[in-house]
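Hi everyone, thanks for coming along. I'd like to walk you through one model today, so let me put it up on the screen.

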Amino acid sequence: MISVAEALAQVLALIEPTETEDIPLEDATDRALAAPIVARRSQPPFPASAMDGYAVRAEDLSGEPLRVIGEAAAGRHFAGKVGPDQAVRIFTGAPVPEGADTILIQEDAVRSGDKITPKEGRDTAQYIRPAGGDFVEGAEISAPRRLTPRDIALAAAMNHPHLTVRRRPRIALIPTGDELVHPGQTPGPDQIISSNNYGLAAMITRAGGTPWLLPIAHDTPESLRETFAMAQGADLIVTLGGASVGDHDLVQETAKGEGLDLSFYKIAMRPGKPLMAGRLGRTPMLGLPGNPVSSMVCTTLFIEPAIHAFLGLPMPDRSFTAKLAHAIPANGPRAHYMRARREPNGTVTVFEHQDSSLLSVLAKADTLAIRAPQAPALPKGAKIRCLPLDPL
């Protein structure tokens with residue numbers, strides 16, 4: 001068995017970034033930016049008023065009346081020039097007229113007809129946004145990055161209607177086993193509902209991939225081969241179940257018969273020990289355990305980082321340290337990723353039942369509490385490294 005870190009390194013070595021594509025700005029949220037976005041203009045492109053008021057010359061604000069000679073609004077400039085003892089009515093975002101260097105805000109002006117008089121004790125700020133005060137032509141939004149709504153707004157202001165992003169990787173999910181039926185079907189007396197493929201599909205979507213749910217493969221080499229053939233065109237093939245070495249665990253041997261170049265099999269971790277990885281033809285392949293908790297923990301540890309690699313993004317270190325809400329016993333020879341819950345006071349409660357078939361426990365969890373191999377018992381209040389199951 002290899003360590004989790006070694007397994008992750010070998011999984012990532014199988015991955016190459018997807019090609020790029022240009023998409024409309026409105027479709028770019030959460031996509032992986034592949035090329036820098038370069039501003040095509042400065043923002044604002046001219047000195048602009050930051051407030052409603054009057055554009056004036058600061059030297060004229062002695063308290064004497066000023067004559068209003070025109071108006072400037074957002075999208076409509078004043079074509080003349082502000083001279084001595086003159087003012088232009090101006091609104092937020094409007095270009096500041098030539099000759100003016102200050103905005104007398106409307107609260108500080110008393111108007112009578114075409115005359116205004118500055119109030120005593122007025123605000124002395126200029127209230128002018130300089131040209132390029134936000135960004136200048138040629139400024140960049142760097143790549144790679146996962147685009148946020150804030151990035152989208154900035155790209156729009158930089159006058160980009162399309163962005164260059166990485167194509168979402170298409171990930172084929174192949175549940176295996178005669179015991180499985182899809183949700184909504186009537187299971188036989190010895191069957192259960194297939195669930196982990198749907199959970200993984202949701203995780204893949206959230207991470208930035210495109211899940212491709214394939215039919216359940218039966219426990220025969222013929223059925224597995226047929227399903228492998230359906231997966232042609234996937235960027236990553238993920239099998240669920242059948243990765244162990246029991247009489248009915250046929251995935252590894254069948255895949256080898258189809259040309260699987262195996263990178264590793266078995267990891268020193270729980271849950272998720274019988275995980276395998278390799279390349280089926282030119283396509284990376286992961287064989288995950290069939291237990292739903294195991295498969296979803298393995299997705300957190302291996303498939304989500306693989307999706308980041310497909311998208312050309314570094315995988316952020318989302319781990320954090322928290323105090324235990326109670327004591328926990330010593331760990332065994334494998335790294336243990338225990339289902340846990342963060343409490344309102346910041347401590348972490350590790351659930352008592354850690355069986356890898358218990359989806360009800362996983363659904364209550366929002367955290368994996370991580371124990372190193374042979375880690376000693378820890379008392380209440382001790383610190384433990386954790387990994388969130390959901391985005392922070």
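Let's begin with an open sheet of six strands, which run in the order β18-β15-β19-β23-β22-β20 with mixed pairing. This is a predicted model, in which local features need pLDDT of at least 70 and side-chain atom pairs count only at pLDDT 80 or more, while totals for chains, interfaces and linings use all residues. Residues are numbered from 1 along each chain as its sequence is written, and side-chain values use heavy atoms, with hydrogens and water left out.

A quick word on terms: strands (E, at least two residues) and helices (H or I, at least four) are DSSP runs numbered from the N terminus, and two strands pair if DSSP finds at least two bridges between them.

Now to the salt bridges, meaning a side-chain nitrogen of Lys or Arg within 4 Å of a carboxyl oxygen of Asp or Glu. By that rule the count is 13. One of them joins the side chains of Glu19 and Arg167, at 2.7 Å from N to O. Glu19 belongs to the loop between α1 and β1 (20–24) and Arg167 to the loop between β14 (162–166) and β15 (170–175), so this pair ties together parts that are 148 residues apart in sequence. Glu19 itself is partly exposed, at 46% relative accessible area; the scale is buried under 20%, exposed over 50% and partly exposed in between, with a 1.4 Å probe and protein chains only.

Please look next at Asp151 and Arg145, whose side chains form a salt bridge at 3.3 Å, N to O. Is Asp151 buried or exposed? With 10% relative accessibility, Asp151 is buried, and Arg145, at 28%, is partly exposed. In helix α4 (residues 221–230), Glu222 and Arg225 are three residues apart, or about one helical turn, and their closest N and O atoms are 3.6 Å apart in a salt bridge. There is also a network of salt bridges linking Arg206, Glu304, Arg318 and Asp390.

On to the backbone. A cis peptide bond joins Gln43 and Pro44, with omega about -10°, and Pro44 is in the loop between β3 (37–38) and β4 (48–49). Another cis peptide bond joins Arg270 and Pro271, with omega about -5°; Pro271 is found in the loop between β21 (269–270) and β22 (276–280). Asp30 is not a glycine, yet its phi is positive, about 70°. Asp30 lies in the loop between β1 and β2 (32–33).
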